[in-house]
Amino acid sequence: MTSATNQPTAPSRMRRSALLNTAIVAGGYLLSRVLGLARDVIISAQFGTHPAMDAYRATFNIIDLVYIVIAGGALGSAFIPIFAGYLEQQREEDAWQLASSLLNLAFVGLVAACAIIALLAHPIVALTVGAGFDEARRELTVQLLRFMLIQPILLGLGGLAKATLESFDRFTLPAIGSNLYNIGIIAGALVAPLFGSYAIYSLAGGVIVGAALFLLVQLPGLRGVNMRYLPGQWFSAPGLRQVGRLLGPRLFGQAAWQINLIAITSFASLLGTGAVAANGYALTLMLLPHGLLALSLGTVMFPQLTRLHAAGDHAGFRETALSAARQVAFVTLPAAAIMAAAGPQIVRALFERGAFTAQSTALTAEALVFYMLGLPAFAVAEIVVRSFYAMRDTRTPVLIGMGVVALNIALGWTLLQLGGGLDGLALAFSLANITEATVLLLLLGKRMGGLGRAFWRPVAAMHAAALLCGAAVLALRLVSYNLLPYLAPGGRYRWPLDFVPLALWIGVAAVVGMAVYAGMAALLHLDELHVAVARFWRITGRLLRRTKHE
């Protein structure tokens, strides 16, 4: 254990540039999402939308709630501003006392919560995610839930390690940890056939192994920043009450959001066998561009926004926050348009093989198309929410978020009663997220003196360009039916014979869509196009120079 006097003080810490940090985090998210897709491709081939997969997907909603409430992103968002502030003030002793206190309290809370859920697993499942399951699926969900309850404990401790490293602008090991988590699950899926009728438990075991790797890989990084762990530190740490004040509203917001996902899963369980699994696959595909584009930028921008606000640089804060929101909208709008227009074909190419049938494709694509409508708003809200957190205002976005969750649940239930299926649940999700992003932007603009035409004009132009992008891909899809019959929703698809031409068509469709979007962006004189291109070349140049230097 090192002494505080040997630690690097905040001014002496070597901070990578925002561009390089963004590249590291984006690269990590990209690899994580690619591995996540590989994971789901392997899982879908072996389990498809089998009842066991319904149980597996349903279980994750509950264990994710435990992780989020006790030690998830809420704690990191509240911890980073206070911890980083102590480091900036060269109060390293206070910083490590705070980190140790939160670690101790989170560990005890996670263990206690998991023990209670293990005891009450039957009624919890019956009243929530397994409400529409038959007895066999409900019992399997209970057993999987108890088996996987170690996962939130490991992820919770790893999440605190991640927040600590990110306070030092160290993003590499947290990114590696997220990828090792997926690798653990992939390993569990690959060996699952060896376990016969217990194959789903191999998959669950991979989840536990991946969570352990996520924690362990970050421990060398903590040693590298001279972490001091104080096992006797509990409630007397400096800054603990400040973290608590920031944490409270954020905690309620994230818990409400996870409860919202549990409600969606409960609704999906009423739609028959395979609906819960199909909804899970669709959500995973939606989170691919969201994680790569919104979470990566938001992770890097949050510490910067925190420092700008602490320094009183209101002009810099405003420009950074609004620029990030515009950039995220600029890149997610065409992604959403392309994935909506070619949704069934993307699902078919990725998943339709083995146990994942044409019916599974239809169920998943039904949800995916409507989830894409809300992707840009979901991504922009990620940036705006972090802007509020950087101002140490967790109350505003959380209150809005809780209202939006209530709206989502109400819309989902209403559309379900009107005869909607997974498409209705996905549409409710998208409408709720559009509402949230709009309200949060208006409130942020009011706090910063208005957003102005400089913000709204390019955003409107981006939407117009995205509509043309989606229309171009849809038109290409319609004219291609005679040449490639399996592009049609009911067309017969033969794996692996038809995979290569289908994948090539998707690639061509993406290029066509992006070309239309970029062309419209150029005609409409969108600065975001030039910023995106310039940023790409700057990041590439920096990485090449860094590689050459090393």
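User: A patch is built from residues with over 30% relative accessible area and no salt bridge, and nonpolar side chains are joined within 5 Å. Which residues form a nonpolar patch on the surface?

Analyst: This is a predicted model. The patch has about 490 Å² of accessible area together. Its members are Phe107, Val108, Val111, Trp234 and Phe235.

User: Is phenylalanine 235 buried or exposed?

Analyst: Phenylalanine 235 sits in the loop between α10 and α11. Its relative accessible area is 67%. Exposed means over 50%. Therefore phenylalanine 235 is exposed.

User: That loop also holds asparagine 226. What is the phi of asparagine 226?

Analyst: Asparagine 226 lies between α10 (219–224) and α11 (240–269). With a relative accessible area of 17%, this residue is buried. Its phi is positive, in a residue other than glycine. The value is near 60 degrees.

User: Histidine 525 has a positive phi too. Is histidine 525 buried or exposed?

Analyst: Histidine 525 lies in the loop between α19 and α20 (527–549). Its phi is about 60 degrees, although histidine 525 is not a glycine. The cut-off for exposed is over 50%. Relative accessibility is 61%, so histidine 525 counts as exposed.

User: Which side chain meets aspartate 498 in a salt bridge?

Analyst: Side chains of opposite charge can pair when their charged atoms come close. Aspartate 498 is buried at a relative accessible area of 4%. The bridge is 3.2 Å, N to O, and the partner is arginine 494.

User: What is the N to O distance between aspartate 94 and arginine 91?

Analyst: Aspartate 94 has a relative accessible area of 19%, so it falls under the 20% limit and is buried. Arginine 91 is partly exposed at 34%. Their side chains meet in a salt bridge, at an N to O distance of 2.9 Å.

User: Lysine 162 and glutamate 166 also meet in a salt bridge. How many residues apart are they?

Analyst: The N to O distance is 2.9 Å. Lysine 162 is partly exposed at 22%, whereas glutamate 166 is buried at 8%. An α-helix has 3.6 residues a turn, so residues three or four places apart point the same way. Both residues lie in helix α7 (residues 150–167), and their separation, about one turn of the helix, is 4 residues.

User: How many salt bridges does the structure hold?

Analyst: Some salt bridges join into a network, which links Arg39, Asp40 and Arg57. The number for the structure is 11.

User: Helix α7 also carries leucine 154. How far apart are the C-alpha atoms of leucine 154 and phenylalanine 214?

Analyst: Leucine 154 is buried, at 15% relative accessibility. Leaving out residues up to four places away in sequence, leucine 154 touches Ile208, Ala211, Ala212 and Leu215. Phenylalanine 214 is 60 residues away along the chain. The two C-alpha atoms are separated by 8.0 Å.

User: Which residues are in contact with tyrosine 371, leaving aside its neighbours within four places in sequence?

Analyst: Contact here needs heavy atoms within 4.5 Å. The partners are Ile264, Asn279, Ala282, Leu283, Met286, Ala426, Phe429 and Ser430.

User: Which residues does serine 266 touch, not counting those up to four places away in sequence?

Analyst: Serine 266 is placed in helix α11. At 13% relative accessibility, it counts as buried. On that count, serine 266 touches Thr128 and Val129.

User: How far apart are the end C-alpha atoms of helix α13?

Analyst: Helix α13 is mostly covered, with 23 of its 28 residues buried. At 1.5 Å a residue, the helix (residues 314–341) should span 40 Å. The modelled separation of the ends agrees with this, at 41 Å.

Note on methods:
Residues numbered from 1 in each chain as written. Predicted model: local features only at pLDDT ≥ 70, side-chain atom pairs only at ≥ 80, totals over all residues. Heavy atoms only, no water. Helix = DSSP H or I, 4+ residues; strand = E, 2+ residues; numbered from the N terminus. Buried < 20%, exposed > 50% of the residue type's maximum accessible area, 1.4 Å probe, protein only. Salt bridge = Lys/Arg side-chain N within 4 Å of Asp/Glu carboxyl O. Patch = residues over 30% accessible without salt bridge, like charges linked within 9 Å, V, L, I, M, F, W, Y side chains within 5 Å. Areas by Shrake-Rupley, 256 points an atom, 1.4 Å probe, with all protein chains shown as cover. Expected span 1.5 Å × (residues − 1).
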